Amino acid sequence: MSDPVPLRTDAVQVASATPPAPGRSRRLSDRGLAVAFISPALLLLLAMSVFPLLWALYLSFTDYSATRGGPAHFIGFGNYTAILKSAQVHQRALTTLIYVVGAVGLQTVLGFAIAYLISRRTHGRGLLTTLFLVPMMLSPVVVGLFWRFMLDAQFGVINSMLGSLGLGQVEWLTRQRTALISLIVVDTWQWTPFIMLIALAGLTAVPKYLYEAASIDRASEWFRFRTITLPLVWPLLLIAVLFRAIEAFRLFDLVYILTSGGPGVSTETLSFHVYKVAFLGFNTGTASAYGILMVLVVIVLTQLYLRYLNKLKEG
Amino acid sequence: MRYPQRMGRISVSGRKVLLATAAMLLVTTTVAACGDGQDDGAKASAPKAPAAIPELTKDPLTLSFIWFDWPPAHALEAFANAEYKKERPNATIKVNTVPNANWHDAMFTQFAARKTDFDIAILDSQHIGEAVTNGNILDITDFVKNNIDVKAYNPYLLAAYGQFPQAETGKRDENASLYGLPLLGDTWTMIYRKDLIGDKPPQTWDQMISVAERCQADNPGVSGLAFHQANGSDAAAVTYNTVNGVYGGNLWDAKTRKIEGVLNDAAGQEAMDVLVNKMKPLTAKGSGNWFIDEVNAAVAQGKACIAFNWIAASGGLLDPKQSTLGTTREQILDKLGFATLPSQKTNLVPLGGMGMHVSAYSSTANQAEALNFMKWFERADIQKKWAAAGGVPSRTDALESPEFLNAGPFNQVYTDSVPRMRDMWNVPEYARLVDIENTNVNAALNGAKKPKDALDDIAKEQQGVLDSSSRKGGGGL
């Protein structure tokens, strides 16, 4: 009778002595393999994001023009001070602020309300959610074009409907106030579903037992909403607001298609103005500084906002 | 257990290696991106085209143009492929088109990259200064001297589509350099409803306004006037410049480069007042963003008594499929009349149209083909064929030919308008000057600014652009 244990040990020893599977180079270590896999993505990131950002930062301190060519002369903070002092920039900043507050505020209220109503339904929730998401899936240019036709004062369907109700024609896109309101309404039509989706996720995650406990205590509907639903969904909703605010802050496409910044410059946002500086006069240095300042504003505001969110979480 | 350990946190030396690799990649990318940056300065002025056409290739070749999307662009491609191929069977003509609002950007962003996917840029006459000073197009002065019969043209037409620095209105400086040749002439035509205001068009601007006023009052649902008011492209700016010219105003003093005090002088103020307070109330509600297509739509649907539009864009008005004015071309022409613009203190009309300009970044073979095409296109017989195909030629013999005059009811208007034309500035700062004017005129037309304030703002801001060359920072604001 032989002892089986040493035999098993021998077998393991034999197995561990087996050379690595053929086809895998001995020189390519695990780390090398990792680097090889990461390099294309890293290279792409450097070429498409990091380099342009650093290059724009460099150009922002020069008077460089892409079409005029010639060397870029260093002018220090000249572009930055000119932008910060410019009355034109202040006007566009105010327009952008009104737009961001109006559009994101409206989208938050509507998005949350729709999500709340959908969350209370037991049947057809999936279908309703999918239908509400359709506008978000369309290209902003397409959205802009068909709203432009719909809002046309002479031939548009909106004024036609108003007319059939006995109301007068409204110049949606060619009057100072209505043009900005139109932009807010169109953006709200397209992006309310985004807020709705996030809010719906938050509402679905609220533990049922909290409502059950509240029901046992005979808490009113409003009380349950105020003390259970809203506090639990609020942090998630704020993140959705953050995303939308950043998006709205750099609005370009809808303005370009719907109003071209008009009447006059009354609906010109900061992004639209940067486009004009960059591509009408090809003042690349100024446009770079303008873009960098916009990024800085977003970063600073986002940091403040995130701190508030963290405090909220800790609380 | 070996594997997870190796894939854990990267060691300090490993991180250094990764950081060094990233930095190296960044430097490599930077160097690659700036590779041809050194010769930027060397290309500060337009390179010269050869005086004679170099030997042409026998290999298949595509000659590419860039233009904006409108009927003449499609007509050019069809015409050139049908006719030019008879002489150069190996050449194919491709007219690339972009939306009108992106036209300038599409050309000049490629110029900025020092690489173009077009051989011939169809520039607006006002783009010439920007392209010449940046060295984007060829100087064809010697080529024109040797290959083109310059006496066959109205001197101002030849100057407007090719000369830089800009010629004085109505003239051509024979010592100045040429950078392009005419492709498509154009100006505004007055389109009027013969069935509503009579066969005879109004002769003066004031008369035109009172006729439009009466027509609007007599025909509910039909507006007295329709014209360009949008703040994209050069829409509202051309409208103001036209009224400015008719009322004796000037856009600037070219010699002293003065705009402030010239544009907003008494004549300029009167023109703005006429436009905003007399003409605008006669337009349809919500027409503050109308451009070429919207004006044509209003005319075709019978919603305007008198309209103004570019001749080259007016062909569709005679198409019964697009019109409610009649089921045949003849029925439409019974109702629509086309006339030269009314005069007032002067008889100036806006110069439209575009010229052909050879890209400095095109290959030598394609540049040679482009020059050959331009020489061919400016021949007397080809200009007449272009006229018959729906184009607006520039040679005087073609303009007076039956081929042109019988091709459209508005062609006589163009021929009669040629001696009356005035252009805007063709300085390198054109894109910014026209944007300032466009946005401010649009603001005045839509009640966002008072007319006087708008005009004063235009003059002040445009002067700022012309004077800003020595400013350190903030250029373009």
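In the UniProt record, an unreviewed entry, the feature "transmembrane region" is assigned to residues 33-58, 97-119, 126-147, 180-203, 223-243 and 287-306 of chain A; UniProt positions follow the numbering used here, feature names are shortened, and annotations may be inferred rather than shown by experiment. The model is predicted, with local features requiring pLDDT of at least 70 and side-chain atom pairs pLDDT 80 or more, while totals for chains, interfaces and linings use all residues. Residues are numbered from 1 along each chain as its sequence is written, and chains are lettered from A and ligands numbered from 1 in the order in which they are written.

Two of these spans can be followed in the model. Residues 97-119 of chain A are 100% helix and 0% strand, with 32 Å between the end C-alpha atoms (helices are DSSP runs of H or I, at least four residues, and strands runs of E, at least two, numbered from the N terminus). Residues 287-306 of chain A are likewise 100% helix and 0% strand, their end C-alpha atoms lying 28 Å apart.

Turning to the interface, 49 residues from chain A and 44 residues from chain B take part in the contact, two residues being in contact if their C-beta atoms, placed from the backbone, lie within 7 Å. On the side of chain A that touches chain B, α2(A) gives the largest share, 8 residues.
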